Amino acid sequence: MSVSVIIKWGGQEYSIRTLSEEDTVLDLKQSIKSLTGVLPERQKLLGLKVKGKPAEDQVKLGSLKLKPNTKIMMMGSREESLEEVLAPPPENDDIVNDFDIEEEVIEVQNREENLAKIARRVKDYKVEGMNPPRAGKSLLVLDVDYTLFDHKSCAETGQELMRPFLHEFLTSAYEDYDIVIWSATSMKWIDAKMKELGVTDNPNYKITFMLDSAAMITVHTPKRGVVEIRPFMKAHLNREKDKELFKLSQYLKEIAKLEDFSGLNHKHWERYRAKKQSQ
């Protein structure tokens, strides 16, 4: 029987259809190397497990019971990438703001077709609770990609792509907020990323639940603006200087004192934080 898988790496997908159930995980890694240039010993395949543990190289693919076109996320870097990360970054990188909401977007939430979509999601989507919500705590919802994790850069481990101060940020936030993780991808990948980053079972904070793409709706807006919270990209270059989560934790600590958030404009969180610190 043939085995077909799709490898997700560096923001791209690579289809492999030349293997059989008698081939091993090492054979799979060799096929991945031919497509990506990443050496087998530098590859880490997320979600490829036997009895809860990462599948070793000698394990036959047939024993993994993979469904056709199973998607597997790979961590790993090419040898030449080590030189690339030392190169200076381009001067004009586009910055995308996760918090920016244009005025016309505010009107979108009240459109009849979008309210109908939301109603269907509320009715059909099942939230899998991880930890019970706590009385008196506000809810903090955090996106994964580019906020907590650089999902496009290449690395040998997820820890290398984790945004600086992530665990300190979540620990501080948990004092005042119940935390929800969401991403516009499948729950399989969200779960794999959070486990790899040490978020799921961290002793210093708890995640209330996670949301995947099935909980989202699509809306049409004329444009998107530039954001104030800077995305975490090119982890190898920016790891030492990125302090966005450290600063954001101070903002969240300040607004946690408020009983009503409706008067806040999160787009200007840095301005609010600076004003409070100067008082």
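Me: Is Ser249 buried or exposed, and why?

Reply: This is a predicted model, in which local features need pLDDT of at least 70, side-chain atom pairs count only at pLDDT 80 or more, and totals for chains, interfaces and linings use all residues. Residues are numbered from 1 along each chain as its sequence is written, and side-chain values use heavy atoms, with hydrogens and water left out. Buried means under 20% relative accessible area, exposed over 50%, and partly exposed in between (1.4 Å probe, protein chains only). Ser249 is buried because its relative accessible area is 13%.

Me: Where does Ser249 lie, and which residues does Ser249 touch?

Reply: Helices (H or I, at least four residues) and strands (E, at least two) are DSSP runs, numbered from the N terminus. Ser249 belongs to helix H8 (residues 244–255). Contact means heavy atoms within 4.5 Å, and, leaving aside residues up to four places away in sequence, Ser249 touches Phe169 and Ser172.

Me: How do the axes of H5 and H8 cross?

Reply: Axes are lines fitted to C-alpha atoms, for helices over the stretch in contact, and angles run from 0 to 180 degrees between N-to-C directions. The axes of H5 and H8 come within 9 Å and cross at roughly 5°. Angles under 35 degrees count as roughly parallel, over 145 as roughly antiparallel, 65 to 115 as roughly perpendicular and the rest as oblique, and H5 and H8 are therefore roughly parallel to each other. Leu166, Phe169 and Ser172 in H5 meet residues of H8, including Leu248 and Ser249.
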